[in-house]
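Subject: Structure handover

Dear colleague,

Here is the structure for you to look over. My notes on it follow below.

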Amino acid sequence: MKKPTPLQKLLLLVLPARIRIRVVSFGLICGTAALLLTVLAIVSIGERRLDIIEARSFASSIERAVLLLRNSQTPIETVKALNRNGSDALRYRYLENEKAVRTAFESDYALLSFQFRPDLPVIMVASAATPVRTALFRASDDLSNFHSALSHLSAALVRQDSEGHLIVLVNGRALSISSPTHWTERTTEVEWFLILFIGLITIGASYLTVTRWFLRSFRLLGEGIRPDDPDELPLVSREARNIITQLRRQEQEKAETVADRTRMLTAISHDLRTPATKLRLRAEMIEDRTLRHKILGDLDLMLGMLNESIDFLRGNVTDEPLESYDLLSLIESICDDFSDVGEPVTLLPVKYPSLHTTGTVFSANQSSLPLDQLFRGHMIGRPKALKRALDNLISNAIKYGFQAKVLVSIETDRIEIDITDRGPGIPEDSMEEVFKPFFRLEKSRNRETGGSGLGLSIAQSIVHSMQGSIELINETPQGLRVRVTLPKT
């Protein structure tokens, strides 16, 4: 597991200890950010619409300024007076003629000329918008007089959302009007909607990401990752620390309980060996041959059950080191061992994968090419442990199913070993129970058969240690198939 980054360590010092307070606090932060962004967008859009309304009122001021300029003998002084006595919303600039207007604006602005009626002055608009939204300057209402034309164009310049100037040509003179507060560059309504949408999506994604970051320690605990040091978990909370402490305590108690039981069984086994040896010596002196064999058999059964239980509790079934071996030869030797003592065990021919071909335009025949030379049974694992597992499974098939048929199927990525018998099978509701230690099906498997209730448990532990699986399948009309699947290594 990666160690926490400096940022995570800093957050651990700043963040609250409890996960609930963390999630709620960050949720409040994200909610506040979303609310502020929404308010900012609404206020900005509202201000823009107010500017449009206010810009219409500029028409009266501009109309008075044009009238003063028309009657003035000193236009420059008149314009200075307008700037000095007027409001800060409008700024005036005198230009001698239309040529001076084009010289001043044509290089950086788009110039549009309007004359709504022949008896009205020519009004020019200089807009820095790219491209110029000319549709906004089209007269949608009745511009019957100069005041209406000025009002309409003033509002249209605000809607351009960029720097603009209004120029009025009167008696060969040009009056340029600008408004630093209204006819200026600003964020459009569409842009604000996009900003709001993207901002809310980003805030929501950040909340989900950081919340998952807060809860990641619990996900790692759910996956079985329990570090010795809780600080190794990312942004570990007080609840996660408590869970780690409780799990560690339970694991220690469980380990101590298993160790105590193992020590107890080991002591019992050790103590029983001395009287068992004495009983064996005394049994050898019994003249009745039949009785002597029965007593010796019972002693062997008792010691075998004790040794098997101790090996299972100690975990010795999976302690064998890895080595290379031939699985097919191993299975063949197991089946031969059973057959040599007269047990009904049959090893079926190995099933290899085949390459199937379909008909072509040159030949309609279909063919199958076996790949037995490419796929062999060479494995890397624990052959002794696997032999023990297969011995248990084949022994069960013989005891409770009267025979055992072994089929090995080699696939490209796995090897399947099927052991089939002709017994009554296992009830469907007991398929999982039979793998539990010391569990016995009393109807078909009792103590008279010599079982200890550990055969399937040991087999499952061995197969799982090899990253394999074991499955029980009831055959029709009777019989049980035990399928052991091992990854091909």
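Of the 489 residues in the protein chain, 39% count as buried, where buried means under 20% relative accessible area, exposed over 50% and partly exposed in between (1.4 Å probe, protein chains only). This is a predicted model, in which local features need pLDDT of at least 70 and side-chain atom pairs count only at pLDDT 80 or more, while totals for chains, interfaces and linings use all residues. Residues are numbered from 1 along each chain as its sequence is written, and side-chain values use heavy atoms, with hydrogens and water left out.

The protein chain has 12 helices and 14 strands; these are DSSP runs numbered from the N terminus, helices being H or I with at least four residues and strands E with at least two. Contact here means heavy atoms within 4.5 Å. Among contacts in the protein chain with a separation of 6 or more, 62% come from residues 24 or more positions apart.

Cores

The largest nonpolar core has 42 residues. Such a core is a set of buried Ala, Val, Leu, Ile, Met, Phe, Trp, Tyr and Cys residues joined through side-chain atoms within 4.5 Å. Leu393, Ile394, Ile417 and Ile419 have the most contacts inside the core. Two or more residues each come from helix 10 (327-340), helix 11 (383-401), strand 11 (404-410), strand 12 (414-420), helix 12 (455-465), strand 13 (469-474) and strand 14 (480-487). Helix 11 gives the most, with eight residues.

Leaving aside neighbours within four places in sequence, Ile419 is in contact with Leu390, Leu393, Ile394, Ala397, Ala404, Lys405, Val406, Leu480, Arg481 and Val482. A second, separate core has 33 residues, including Val125, Ala149, Leu166 and Trp183.

Helix 11

At 1.5 Å a residue, helix 11 should span 27 Å, and its end C-alpha atoms are 26 Å apart, which agrees; the expected span is 1.5 Å times one less than the number of residues. Phe402 follows helix 11 and has a positive phi, near 75°.

Strands 2 to 4

Strand 3 (residues 122-127) is mostly covered, with five of its six residues buried. Strand 3 is joined to strand 2 (residues 110-114) by five bridges, and the two run antiparallel. Strand 3 is also joined to strand 4 (residues 164-170), by six bridges and again antiparallel. Two strands pair if DSSP finds at least two bridges between them. Leu112 stands opposite Val125 in strand 3, and Ile123 stands opposite Val168 in strand 4.

Aromatic pairs

The structure holds three aromatic pairs. Rings of Phe, Tyr and Trp (its six-membered ring) pair if their centres lie within 6.5 Å; planes under 30 degrees apart count as stacked, over 60 as edge-to-face and the rest as tilted. One of the pairs is Phe26 and Tyr207, with ring centres 6.1 Å apart and planes at 5°, so it is stacked. This pair links distant parts of the chain, 181 residues apart: Phe26 is in helix 2 (residues 19-56) and Tyr207 in helix 7 (residues 189-222). Tyr207 is partly exposed, at 27% relative accessibility.

Another of the pairs is Phe58 and Trp183, which is edge-to-face because the ring centres are 6.0 Å apart and the planes at 75°. Phe58 lies in helix 3 (residues 58-71) and Trp183 in the loop between strand 5 (173-178) and helix 7, so 125 residues separate them. Phe58 is buried, with a relative accessible area of 7%, and Trp183 is buried at 1%.

Single residues

Arg48 is in helix 2 and is buried, at 9% relative accessibility. Leaving aside neighbours within four places in sequence, Arg48 is in contact with Val158, Arg159, Asp161, Arg186, Thr187 and Glu189.

A search of the whole structure finds zero disulfides, a disulfide being a pair of cysteine sulfur atoms within 2.5 Å. Cys30 is buried, with a relative accessible area of 10%, and Cys335 is buried at 3%.

Thr134 is in the loop between strand 3 and helix 6 (146-159) and is partly exposed, at 38% relative accessibility.

Regards
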